[in-house]
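Open the model in a viewer and keep the selection panel at hand.

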Amino acid sequence: MKSASLRRLVASIWPPVLVLIAAMLLLELYVRWANTPIYLVPRPSKVVNTLVEEREYLVAALWSTTKAALVGFAASTVFGMAIAIVLASSVWVRRAFSPYTVFFQTVPIIAIAPMLSIWFAPGLKAVAACAFIVSVFPVIANTLAGLIATDPALVDLFRLYGAGRGATMFKLRFPASLPSVFTGLRVAAGLTVIGTVVAEFLVGELGEAQGLGVVIVSASHNGHSDRVFAAVLLASALGLAMLGTVNLVGRLVLANWYAPARD
Amino acid sequence: MINQAWTRCGLGLLLALQLASSGCKKDKAAPAAGSGGSASTAKSLSLTLDWVPEPEFGGFYAARESGAFGKHGLDVDIKPRGQGETWKLVAQGVTDFATTAADQVLVAREQGADVVAIFAVYQTSPQAIMVHKARGFTKIDDVFTNPGTLEAEDVSWLKFLRTKFPGSAVKLTSNSPGIATFLAKSDLSKQCFVTSEPLQALAGGSDPQTFLIADAGYNPYTTVVIARGEMVRKEPETIKQMVLALREGWRVYLDDPSATNAVMGKLNREMDASTFTDAARVQHDLIDTAETKKTALGEMTNERWQTLAKQLVDLAVIKAAPPPAECFISLDRLR
Amino acid sequence: MPTPGSSVTLRGVRQVFPGGVVAVESMDLDVAAGEFLAILGPSGSGKSTLLRIIAGLDRPTAGDVTVQRPDAGRFDIAYVFQDAHLLPWRTVLSNAALPLELQGVDRARRREIATEALVKVGLGDALGRYPAQLSGGMRMRVSLARAMVTSPTLLLLDEPFAALDEITRQLLDEQLRELWLSRGMTVVFVTHSTSEAVFLAERTVVLSKRPARIISDRPVDLPAKRIGELRATADFARETRHVYDALERGEA
């Protein structure tokens, strides 16, 4: 059984890796042939070179961004679910407040970043706050949809046995909404990374604790596009890792929901 | 699979952000038929500014409004707020001219972008750090030796100061948009142009005090007009007319900025009329100095370019110092 | 000790849905304590509506519903739906124990009662499994066990076995009848199937199509002990014939 799941894992990894290598080779050939200026698009070979040579510097920045992204994502998860639960408890509350949750989705970070760096100190806290704002809406929306769509027969059953609102919410609606919650978390994972990097452009810390966003801005200013793209690749890798983790946790939590897969 | 969709999405978004900030290759601005000097067919050119219309760019608008461009056979389209690094736009031919700082010219040239400076607005860089007067600082060193926060971009002048004042106690963060954070926090210092943020802070009821970076020993020419090296070689007459027109425009603006300020004020609602006036006054002596009175407005010297190049090499911003003749032109060399 | 049953009295019950559709038209019905009643009728005839009104899940537009409660504090109504409607994140045992959990019974006691009920329906060795791992018939049995754990005095079932195959259906019919015989609660069983109604019930009520009226209300004239072989007898055929005729009249 272990070798079967290992084979499955390998089978799911090598196709995208192959695509990545092929894409990089194609890009390398194109850039060389078209002689694109290096300050616009760096040679993939140079980007890989930079990743290796400057790994300490880049990984330190990656770690900084990761910390902020994780804090922001954790906040989105917790507060997103909590807000959805509050909205789901009352039709009036839902009607009155859910239009405003879209505000989280649409507010441009550049407008609120200064305010956030005043309320929370600039650096990790303000950046995480931005990441939270950017990523919380899908958590709210998906969790809420799941909570509202609970099987009415089960709601009837709970009512029949005299269950109060609290019991119905936490023993029925919330567990029943978990598949939707994970859909929301998947979307939020990618958004968190984007939000973190953009926030770092504006209110990130400089110096040793700087994140990938600061690396991108500084390197761009000095025309070091190879470093820019190396940082972008690392940010993408972070996004992938977070998404993968959400998927994994989702699979574990919902393991018993679905009929066992055929081998 | 969702994984791949998100790789593409995330990579694509960040790539788009980067490309947008540097400008993709577009059609080059078509030069009008007929050489400069022929009044009937004025040459269409574009000038991209690296910020919004402010007294920093007063002479450009004055050159347009007073007819200086037209007199020299030029029809210049002024585009404020170039995104990101304007030298990339010039090198790629997206715009004919742009403004940037002298140190950026050196960075650009090392990256293979053939851009050349033709006119320098500020002889003395208006780059400064503003602090709260209540803190009682007397020199720029105090910013670094005292606790607090400094909002600044991680660029050459910051590197210069950090090398000059090592082991600093101050916390460095990115330069947040606007002056809201400066107004709100009494221990915050912030990068600025003396013509802009401190005046806005004053208008906001705050107590700004400024220290010029130039006084600390780092003084690149600022708000430098750059052009493609190819254009300098192939169309020297156009470049010459442009420089002459810019000199006239800036002379008009320095003598009486009020008319031009009114024009810029319509384009930039964020700055009120009195701030425009104050800024124009503050910058006067940074633009028209003892040297320019002897030579001409916008003129640059080999020595200052050499000094700057050496400073940048020492700061490891560039690897090698190029000969100044490659970085800028002066009219006598152009003939 | 068999649980005593509740009696159910409907007087002038009328149900109008928003939009003016009259589902039930002024219905009177008496269900005696401990009786096994089957209700039949065409699709959409208001059978489910009636059952929900008796359960207290919906309030009628007009009329009275009285369910006599031998013990004032207890919720002695249980309801079985057409789908098992189990909670997929809970084990079979936990699902069966749910009603007791909602009523605040402590953990050890409710597990004991639930285990007993599950054993009774033949799922004694599936306690730790999850609904996704069970067949349709097994899930319905869990639903039945869940209905039993509170020792209800009134058991309402809404076409519970309709989605199952014939063999499983007949097995569960027999099991249900066993439960009724051993416990003695009142059962109201809504079904489409005439043979099922006749096999299970002591009395059948046939409703017309909307707005529902009672077309036929007669006892089932068959021995108390109902075994599988009964379905092949002439008496059985006669009883189903009566019910079927009433259904036809109701459709007209």
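This is a predicted model. Start by selecting A:Ser135 together with the residues it touches beyond four places away in sequence: A:Gly72, A:Ser76, A:Ala188, A:Leu191 and A:Thr192. A:Ser135 itself sits in helix α6 of chain A, which spans residues 124-148.

Is A:Ser135 buried or exposed? Its relative accessibility is 0%, and buried means under 20%, so A:Ser135 counts as buried. A polar atom of the A:Ser135 side chain lies 2.9 Å from the backbone oxygen of A:Ala131.

Next, select two helices of chain A: α3, residues 55-89, and α10, residues 212-221. They pack with their axes 7 Å apart, at an angle of about 130°. Because of that angle, α3(A) is oblique to α10(A).

Which residues make this contact? On the α3(A) side, pick A:Tyr57, A:Leu58, A:Ala61, A:Leu62 and A:Thr65. On the α10(A) side, pick A:Leu212, A:Gly213 and A:Val215. Coloured by residue class, the contact of α3(A) with α10(A) shows six nonpolar residues, two polar and no charged.

Finally, zoom out and colour by chain. Two pairs of chains touch, and the pair with the most contacts is A and B. Then hide chain A to view chain B and chain C on their own. No contact joins chain B and chain C; a distance drawn between their closest C-alpha atoms reads 25 Å.

Technical notes:
Residues numbered from 1 in each chain as written. Chains lettered and ligands numbered in written order. Predicted model: local features only at pLDDT ≥ 70, side-chain atom pairs only at ≥ 80, totals over all residues. Heavy atoms only, no water. Axes fitted to C-alpha atoms, helices over the stretch in contact; angles between N-to-C directions. Helix = DSSP H or I, 4+ residues; strand = E, 2+ residues; numbered from the N terminus. Parallel < 35°, antiparallel > 145°, perpendicular 65-115°, else oblique. Contact = heavy atoms within 4.5 Å. Nonpolar A, V, L, I, M, F, W, Y, C, P; charged D, E, K, R; others polar. Buried < 20%, exposed > 50% of the residue type's maximum accessible area, 1.4 Å probe, protein only. Polar contact = N/O pair within 3.5 Å; in protein donor to acceptor, adjacent residues only side chain to side chain.
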